[in-house]
Amino acid sequence: QGDGFIISNNTIGFANELGTGICSIGATAAAGLQNKFRGIEIIHAGSANTNQVVGNTISGIAHSSAYDAAMLSDAFFAAIKTGTGGTGKYIVTNNTIGSATVAASITVSHSGTTENLANISGIYDATGNNTEISGNNIAGIRIGGTGTAASFYGILVNPALSGNAVVKNNNIGTANAAINHMQTGLYGIM
């Protein structure tokens with residue numbers, strides 16, 4: 001717990017420190033294939049200072065899971081997740097999730113069959129508390145697998161919570177690197 005976090009200018013994913021190749025993430029059958037992915041997650045932030053997630057790149061990832069959540073307010077893949085307790089203010093700005101120029105720079109293969117609130121999210125604000133989400137680029141994401149219930153949300157502010165979220169000037173999908181979704185729902189901002 002704490003507050004006043006500044007998470008900036010990090011690169012998450014890829015096969016190496018040069019930012020090339022793919023980082024593959026999956027679970028074994030013995031683990032039930034119930035793995036989750038979080039590129040950046042801040043939980044239980046206090047309320048005195050603003051928490052910032054700025055200028056990070058999350059890309060070069062191949063994630064596979066059979067996640068079937070009993071928790072209706074969770075995501076099995078969230079590139080950036082804020083909240084889950086605390087009343088802190090969050091600024092999530094100028095981050096790149098995927099790529100504006102490279103198709104399928106993030107791939108998610110889902111084989112579960114139970115839909116939950118936020119199966120796959122570029123940015124997931126679980127607090128709804130005074131959050132500003134702006135200037136982010138979310139593109140070059142492909143979702144497939146044998147499952148039937150994975151919804152994609154470019155940006156999701158948890159609708160079960162009340163708060164003052166501002167979502168503006170974000171880009172979701174490009175002509176060169178679309179969001180390619182082969183399962184249930186596709187939502188830009190919710």
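User: How many aromatic pairs does a search of the whole structure find?

Analyst: One. An aromatic pair here is two rings of Phe, Tyr or Trp (its six-membered ring) with centres within 6.5 Å, called stacked with planes under 30 degrees apart, edge-to-face over 60 and tilted for the rest. This is a predicted model: local features need pLDDT of at least 70 and side-chain atom pairs count only at pLDDT 80 or more, while totals for chains, interfaces and linings use all residues. Residues are numbered from 1 along each chain as its sequence is written, and side-chain values use heavy atoms, with hydrogens and water left out.

User: Why is the pair of Phe37 and Phe77 stacked?

Analyst: The ring centres of Phe37 and Phe77 are 4.9 Å apart and the planes are at 20°, so the pair is stacked.

User: Where in the chain are Phe37 and Phe77?

Analyst: Phe37 is in strand β4 (residues 37-45) and Phe77 is in strand β8 (residues 77-86). The two are 40 residues apart, and the pair links distant parts of the chain. Strands (E, at least two residues) and helices (H or I, at least four) are DSSP runs, numbered from the N terminus.

User: Is Phe77 buried or exposed?

Analyst: Phe77 is buried, at a relative accessible area of 2%. Phe37 is buried too, at 8%. Buried means under 20% relative accessible area, exposed over 50%, and partly exposed in between (1.4 Å probe, protein chains only).

User: What else is in β8, say Thr82?

Analyst: Thr82 lies in strand β8 and is buried, with a relative accessible area of 2%. Leaving aside neighbours within four places in sequence, Thr82 is in contact (heavy atoms within 4.5 Å) with residues including Ile42, Tyr90, Val92 and Tyr124.

User: Which residues touch the most other members of the largest nonpolar core?

Analyst: Phe77, Ile80, Ile97, Ile120, Ile123 and Ile141, out of 26 residues in that core. A nonpolar core is a set of buried Ala, Val, Leu, Ile, Met, Phe, Trp, Tyr and Cys residues joined through side-chain atoms within 4.5 Å.

User: And which elements give two or more residues to this core?

Analyst: Those are β4, β8, β9, β11 (106-110), β12 (120-125), β15 (141-144) and β16 (152-157). Another core lies apart from it and has six residues, among them Ala78, Tyr124, Ala126 and Tyr153.

User: New topic. How many helices and strands are there?

Analyst: Zero helices and 20 strands. The protein chain has 190 residues, and 43% of them are buried. Among contacts with a separation of 6 or more, 85% are between residues 24 or more positions apart.

User: In what order do the strands of the sheet with β1 and β5 stand?

Analyst: The order is β1-β5-β9-β13-β17, in an open sheet with parallel pairing. Two strands pair if DSSP finds at least two bridges between them. The edge strands are β1 and β17 (166-168), each pairing on one side only.

User: How many bridges are there between β1 and β5?

Analyst: Strand β1 (residues 6-8) pairs with β5 over three bridges, and Val54 in β5 is the bridge partner of Ser8. Between β5 and β9 (residues 89-93) there are five bridges, with Tyr90 as the partner of Asn51. Further along, three bridges join β13 (residues 131-134) to β17, where Ser134 has Lys168 as its partner.

User: Which residues of β5 are on its covered face?

Analyst: Asn51 and Val53 are on the covered face of β5, while Thr50, Gln52 and Val54 are on the uncovered one.

User: What about the sheet with β2, what order is that?

Analyst: That open sheet runs β2-β6-β10-β14-β18, again with parallel pairing. β2 and β18 (171-172) each have a single partner strand, so one side of each is left without a neighbour in the sheet. Inside the sheet, β10 and β14 (residues 137-139) pair over three bridges, and Gly98 stands opposite Ala139.

User: Last one: where is Phe14, and what is its phi?

Analyst: Phe14 is in the loop between β2 (11-13) and β3 (23-25), with a positive phi near 65°. Most residues other than glycine have a negative phi. Phe14 counts as buried at 17% relative accessibility. Asn94, in the loop between β9 and β10 (96-98), also has a positive phi, about 55°, and is partly exposed at 48%.
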